[in-house]
Amino acid sequence: MPTLLEDRDKGVRDEAKAMVVQMFRWIGSALRPQLSSLKPVQITWAGDDFAHQSLTQPAHQAGRQLAKTCSKLVGFGPDQSLVSRLHRGSIQPPLHHLAVTELEAEFEKVSGKVTPTRYLKSQQQKQAEVAAAAVEDGGDDGEDEEGDNAPEIDLYELIDPVDILSKIPKDFFDKLEAKKWQERKEAVDLLEQLSQAPKLESGDYGDIVRALKKIISKDSNVMVVATAGKCLTGLANGLKKRFQPYAGACIPSILEKFREKKQNVVLALREAIDAIFQSTTIEAIQEDILAALENKNPSVKAETASFLARCFTRCTPVMLNKKVLKAYTTALLKTLNEPDPTVMRQCS
């Protein structure tokens with residue numbers, strides 16, 4: 001998409017703009033991360049198109065329009081892959097820069113949501129239940145309720161999963177146990193590349209997670225440990241809720257490793273534990289958090305309190321019931337008397 005938005009041909013840029021506008025109407029803010037690769041000074045167009053877009057256009061019409069737009073952009077038949085053409089570099093490199101600030105401004109002008117007129121089979125039952133509930137309520141605002149109850153589009157669910165387990169070489173675990181740190185680093189580097197897929201195929205990741213956990217806990221090379229942390233981040237992000245069977249074993253090991261002073265290791269572990277939290281709950285990790293807050297190492301206490309604060313921001317009032325809050329509050333109050341200023345600041 002960035003390549004098309006920055007094409008030297010104005011016609012291509014205009015069609016790319018129309019495509020982005022159409023996509024934004026359907027998926028909203030979920031599109032913004034896809035534009036993060038553009039430079040801050042880019043993406044300045046979009047004009048008044050967002051404001052003029054109809055928000056009631058049927059889904060199938062919008063789909064046809066999007067298909068036509070893509071066809072105009074790339075100029076080849078439907079049997080040819082746009083993605084493959086981009087990877088082969090057959091589209092000209094960007095010469096004209098568009099700007100993020102103006103595009104963001106146009107995003108703000110878009111109001112309301114597009115209501116789909118057709119649904120996947122997996123969504124049809126849910127929509128039938130919503131319609132039945134609306135009839136029972138006898139409400140007169142059927143159209144408004146239909147719009148309000150329109151399912152949120154999760155881009156993760158639309159992505160095809162990638163099978164990385166079949167791509168793990170036979171000597172992978174042997175290399176992780178190698179005496180030379182270079183061999184261990186080579187193994188975790190390979191896994192890091194594989195785990196960057198946005199969605200991973202379901203499977204048994206137990207052996208891999210246990211091996212990474214062992215590296216984080218016992219490996220003496222900080223580069224290997226940091227890369228192992230990035231691998232856990234990739235696996236947790238790629239599996240999301242499906243990482244739950246492994247979360248309980250990983251979190252205590254990461255909290256304990258926060259005693260490490262090397263910043264590259266600490267940053268990698270922060271990202272890993274934040275990603276893992278997607279698959280668990282604030283109540284499920286309570287025992288590990290309370291134990292870490294009583295750790296004698298100030299760095300472990302401070303990082304644990306910081307992680308807990310980030311977890312709180314992602315919790316709903318229902319998740320933070322009185323029982324859970326009481327346990328965490330009691331532990332945090334004890335740490336306010338810590339002599340280490342960093343611990344006191346993080347816990348307060």
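**Cysteines, loops and a helix pair**

Q: At 1% relative accessibility, does Cys311 count as buried or exposed?
A: In this predicted model, the relative accessibility of Cys311 is 1%. Buried means under 20%, so Cys311 counts as buried.

Q: How many disulfides does the count come to?
A: Take Cys311: its closest cysteine sulfur belongs to Cys315, and the two sulfurs are 6.4 Å apart. A disulfide needs sulfurs within 2.5 Å, so that pair is too far for a bond. Across the model, the number of disulfides is zero.

Q: What is the relative accessible area of Cys231, a buried residue?
A: The cut-off for buried is under 20%. Cys231 falls on the buried side of it, with a value of 0%.

Q: Are the axes of H14 and H16 roughly parallel or roughly perpendicular?
A: Two packed helices are described by the angle between their axes and the distance between the axes. For H14 (residues 244-257) and H16, the axes come within 10 Å and cross at roughly 10°. Angles under 35 degrees count as roughly parallel, so that is the label for H14 and H16: roughly parallel.

Q: How many nonpolar residues are in the contact of H14 with H16?
A: From H14 come Gly248, Ile251, Pro252 and Leu255, and they meet Asp288, Ile289 and Ala292 of H16. By class, one residue of this contact is polar and one is charged, while the nonpolar count is five.

Q: Where is Lys240, a residue with a positive phi, found?
A: Most residues other than glycine have a negative phi. Lys240 has a positive one, near 50°. Its relative accessible area is 27%, so it is partly exposed. Lys240 lies in the loop between helix H13 (222-239) and H14.

Q: What share of the 348 residues in the protein is buried?
A: Over the 348 residues, the buried share is 39%.

Methods. Residues are numbered from 1 along each chain as its sequence is written. This is a predicted model: local features need pLDDT of at least 70, side-chain atom pairs count only at pLDDT 80 or more; totals for chains, interfaces and linings use all residues. Side-chain values use heavy atoms; hydrogens and water are left out. Buried means under 20% relative accessible area, exposed over 50%, partly exposed in between (1.4 Å probe, protein chains only). Axes are lines fitted to C-alpha atoms, for helices over the stretch in contact, and angles run from 0 to 180 degrees between N-to-C directions. Helices (H or I, at least four residues) and strands (E, at least two) are DSSP runs, numbered from the N terminus. Angles under 35 degrees count as roughly parallel, over 145 as roughly antiparallel, 65 to 115 as roughly perpendicular and the rest as oblique. Contact means heavy atoms within 4.5 Å. Ala, Val, Leu, Ile, Met, Phe, Trp, Tyr, Cys and Pro count as nonpolar, Asp, Glu, Lys and Arg as charged, and the others, Gly among them, as polar.
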